[in-house]
Amino acid sequence: MDQVAKLFAQYAQVALSFLGQTNVLIQLGIIAIAFPVAWLISNRVEPKLEDRARQIKGMSGLLRVAIAFLRRLEWLFFIILLGLAFVATNVTNWPGNNYLIYATLLLSSAWLLIAVISHTIRKRTFRVVFAWGAWLFVAAKILGITDDIAALLDSAAFSIGSFRLSILGAIQATILIGAVLWVSVAAGKFLDKRIQNVEE
């Protein structure tokens with residue numbers, strides 16, 4: 001656990017020095033302004049589009065995804081505004097570095113896509129776990145810290161005799177078991193429907 005505490009302290013020190021830079025503060029200001037503007041635009045547009053979406057009949061799955069997308073319309077406008085800000089900062093070369101805007105744009109796009117896709121999962125618990133798990137994985141990939149996180153989770157472990165269990169191993173086992181159970185249940189439901197449709 002001492003190693004984990006040292007890693008956290010190192011990351012905290014890097015984060016503080018990073019946030020103290022002028023170009024980073026400017027980018028944070030642009031991001032902070034973009035979201036309220038996106039939220040205001042969404043409040044004007046969402047009710048009109050939702051009325052049209054509810055006219056979809058006979059396709060409950062499509063309706064659920066459409067409504068899930070509309071409920072997160074502010075994220076779509078946020079992504080659009082960040083895209084415009086990214087292009088503008090590239091053209092003007094101000095504030096000299098726009099990596100934070102770019103990373104936020106990618107993370108927001110991933111969150112919107114995963115949130116909409118997760119609504120195809122009917123069970124709320126599975127939906128929430130999938131959404132957060134998928135987004136955290138994608139976020140780690142985008143930020144390039146997957147190896148650091150894996151090392152951190154693997155270092156946090158305890159031993160039972162000769163058996164060593166780390167947080168990373170527990171997460172991997174949970175994902176594997178969950179995937180196997182999901183495939184088994186899906187296959188069982190599919191076969192059950194096919195069998196019920198057979199006349200003899």
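Modeller: Residues are numbered from 1 along each chain as its sequence is written, and side-chain values use heavy atoms, leaving out hydrogens and water. Because the model is predicted, local features need pLDDT of at least 70 and side-chain atom pairs count only at pLDDT 80 or more, while totals for chains, interfaces and linings use all residues.

Biologist: What makes residues 99-118 a helix, and what span does H5 reach?

Modeller: Helices are DSSP runs of H or I with at least four residues, numbered from the N terminus, and H5 has 20 residues. From its first C-alpha to its last H5 reaches 28 Å, close to the 28 Å expected, where the expected span is 1.5 Å times one less than the number of residues.

Biologist: Why is H5 called largely enclosed by the rest of the structure?

Modeller: Buried means under 20% relative accessible area, with a 1.4 Å probe and protein chains only; 14 of the 20 residues of H5 are buried, so H5 is largely enclosed.

Biologist: Why are H5 and H6 called roughly antiparallel?

Modeller: The axes, lines fitted to C-alpha atoms over the stretch in contact, with angles running from 0 to 180 degrees between N-to-C directions, cross at roughly 155° and come within 9 Å for H5 and H6 (residues 124-143). Angles over 145 degrees count as roughly antiparallel, and H5 and H6 are therefore described that way.

Biologist: Which residues of H5 and H6 meet?

Modeller: Contact means heavy atoms within 4.5 Å; among the residues that meet are Leu106, Trp111 and Ile114 in H5 and Phe130, Trp135 and Val138 in H6.

Technical notes
Helices (H or I, at least four residues) and strands (E, at least two) are DSSP runs, numbered from the N terminus. Buried means under 20% relative accessible area, exposed over 50%, partly exposed in between (1.4 Å probe, protein chains only). Angles under 35 degrees count as roughly parallel, over 145 as roughly antiparallel, 65 to 115 as roughly perpendicular and the rest as oblique.
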